[in-house]
Amino acid sequence: MSSTGGDRPAPLRLGSIAPNFQAETTNGPIDFHEFIGDKWVVLFSHPEDYTPVCTTELGAFAKLEPEFTKRGVKLIGLSANTIDSHGGWIKDIDEISGSKLRFPIIGDKERKVAYAYDMLDHQDITNVDQKGIAFTIRSVFIIDPKKTIRLILSYPASTGRNTAEVLRVVDSLQTGDKNKVTTPINWVPGDDVIVHPSVKTEQAKEQYPHLKIVKPYLRFTPLPKEQTSAAV
């Protein structure tokens, strides 16, 4: 596979099985599917070590990691540098954020994982290393225990992510799977949810005593926070 981006794999889509790979990480070597095990995983990439936006992001993920862990979610980062470089960078991240970064960061200097997950920027021609090889962009993949990709987000190198939004999407996906519902715009645990269109209205009335029918295709029901994945 070309390291210049000429032979890029077909883009991954929601519902795709997350490609497996073996890699070195700051916590030791992994087989990615074995790493997932029976958990959810948030895989997120960074353009390079010792970059300002990435440093703030990793510190934020480190602080929020306990909330992900409570929900059965593992975090794993990726940066296009060596493990040795990651180790020094983590010291800076811990110092700046005041937290302890525990989740692994993949060493992907050859961009092998980045290419498998199509994490490369074709728009920003400045987002390259000294050899002109494209760095990774800020990609986020939420992967469920069946190794299925449930969410893909891509941010430009200039824009930091919102870790609270990543956690909110985890809550939406896990709550939806458990309760057979979907979540409306700006939903947070405790807000009303939408009854799935596949549920007939008569059945919905029996199943959801407090059903609110706005339109035949838009039906809300309360769902207490205690019944969502945030109740941990």
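Three bridges join strand β4 (residues 73-79) to β5, and the two run parallel; strands count as paired if DSSP finds at least two bridges between them. Within this pair, Ser-79 stands opposite Gly-107 in β5. Helix α3 (residues 83-97) packs on the sheet and touches β3 (40-46), β4 and β5, where contact means heavy atoms within 4.5 Å. The direction of α3 makes about 145 degrees with that of β5, axes being lines fitted to C-alpha atoms, for helices over the stretch in contact, with angles from 0 to 180 degrees between N-to-C directions.

The model is predicted: local features need pLDDT of at least 70 and side-chain atom pairs pLDDT 80 or more, whereas totals for chains, interfaces and linings use all residues. Residues are numbered from 1 along each chain as its sequence is written, and side-chain values use heavy atoms, without hydrogens and water.

The sheet is open, with five strands in the order β5-β4-β3-β6-β7 and mixed pairing. Because β5 and β7 each have a single partner strand, one side of each is left without a neighbour in the sheet.

| Edge strand | Residues |
|---|---|
| β5 | 105-107 |
| β7 | 149-155 |

Helices (H or I, at least four residues) and strands (E, at least two) are DSSP runs, numbered from the N terminus.

The unreviewed UniProt entry lists Cys-54 under "active site", and such annotations may be inferred rather than shown by experiment. Cys-54 is found in helix α2 (residues 52-70) and, at 0% relative accessibility, counts as buried (under 20% relative accessible area, 1.4 Å probe, protein chains only). Leaving aside neighbours within four places in sequence, Cys-54 is in contact with His-46, Pro-47, Glu-48, Trp-89 and Arg-138.

Note on methods:
Buried < 20%, exposed > 50% of the residue type's maximum accessible area, 1.4 Å probe, protein only.
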